[in-house]
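Q: I would like to learn how to read a structure, one feature at a time. Please show me the structure, then take me through its features.

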Amino acid sequence: MRLFRRLAPVIAAVALVLCPPYGAHGHARVQRPEPFGAECRIQVGGSRVVAHCHNPYADTDRVGLHIECERWWDVDTDGTPTDVEPARSVRLTGRCWKEVGSAWVSHRKR
């Protein structure tokens with residue numbers, strides 16, 4: 001019993017050194033993706049497509065207009081990619097010979 005009383009302060013000191021206090025452990029930080037991507041509105045009128053894209057974020061967004069035509073013989077188009085810098089807007093246009101089946105805008109980080 002005397003041996004334990006003599007070693008108790010040493011054991012307590014070693015335990016305090018080896019076990020850091022609660023909350024002192026490094027926690028993994030959650031990496032949230034930064035917001036990205038221009039906001040685009042697409043308008044289809046007959047055979048023409050117009051997309052207005054505005055980039056409210058800090059990174060440049062490379063956007064491209066893609067049009068799929070309704071008729072099987074009509075040529076689908078992929079527009080030239082265009083950079084939308086922060087706080088800027090662009091207008092993308094395209095068309096089919098006849099009706100437009102669908103249209104969408106692709107986004108890529110620059």
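A: C69 and C96 form a disulfide, with 2.0 Å between their sulfur atoms. In general, a disulfide is a covalent bond between the sulfur atoms of two cysteines; here a pair of cysteine sulfur atoms within 2.5 Å counts as one. This is a predicted model, in which local features need pLDDT of at least 70 and side-chain atom pairs count only at pLDDT 80 or more, while totals for chains, interfaces and linings use all residues. Residues are numbered from 1 along each chain as its sequence is written, and side-chain values use heavy atoms, with hydrogens and water left out.

Q: Which parts of the chain does the link between C69 and C96 join?
A: Helices (H or I, at least four residues) and strands (E, at least two) are DSSP runs, numbered from the N terminus. C69 belongs to strand β3 (residues 61–69), and C96 to the loop between β6 (88–95) and β7 (100–109). The two cysteines are 27 residues apart, and their pair links distant parts of the chain. The link of C69 and C96 is left-handed, with -95 degrees about the S-S bond.

Q: Are C69 and C96 buried or exposed?
A: Buried means under 20% relative accessible area, exposed over 50%, and partly exposed in between (1.4 Å probe, protein chains only). C69 has a relative accessible area of 7%, so C69 is buried. C96 is at 2%, so C96 counts as buried too.

Q: How many disulfides does the structure hold?
A: The structure holds two disulfides. C40 is joined to C53 by a disulfide with an S to S distance of 2.2 Å. The torsion about the S-S bond of C40 and C53 is about 115 degrees, so this disulfide is right-handed. C40 lies in strand β1 (residues 39–45) and C53 in strand β2 (residues 48–55), so the pair ties together parts 13 residues apart in sequence. C40 counts as partly exposed because its relative accessibility is 28%, whereas C53, at 2%, counts as buried. With the bonded cysteines numbered in sequence order, the pairing is 1-2, 3-4.

Q: What is the order of helices and strands along the protein chain?
A: The protein chain has one helix and seven strands. Along the sequence they follow the pattern α-β-β-β-β-β-β-β.

Q: Which residues touch the most other members of the largest nonpolar core?
A: A nonpolar core is a set of buried Ala, Val, Leu, Ile, Met, Phe, Trp, Tyr and Cys residues joined through side-chain atoms within 4.5 Å. The largest one has 14 residues, of which C53, V63, L65, I67, V90, L92 and V105 touch the most other members. At least two residues of this core come from each of β2, β3, β6 and β7. β3 supplies the largest share, four residues.

Q: Which residues does V105 contact, leaving aside its neighbours within four places in sequence?
A: Contact means heavy atoms within 4.5 Å. With those neighbours left aside, V105 is in contact with C40, I42, A51, C53, V63, G64, L65 and H66. In the protein chain, 66% of the contacts with a separation of 6 or more are between residues 24 or more positions apart.

Q: How much of the protein chain counts as buried?
A: Of its 110 residues, 21% count as buried.

Q: Where are the charged ends that sit over rings?
A: A charge sits over a ring if NZ of Lys or CZ of Arg is within 6 Å of the ring centre and within 35 degrees of the ring normal. The charged end of R95 sits over the ring of W97, 5.4 Å from its centre. For K109, the charged end sits over the ring of F36, at 5.3 Å from the centre.

Q: What is the phi of A87?
A: Most residues other than glycine have a negative phi. A87 has a positive phi, near 60 degrees. A87 is in the loop between β5 (82–84) and β6. Its relative accessible area is 61%, so A87 is exposed.

Q: Where is E99, and what does it touch?
A: E99 is in the loop between β6 and β7. With a relative accessible area of 35%, E99 is partly exposed. Not counting residues up to four places away in sequence, E99 touches G46, C69, E70 and R71.
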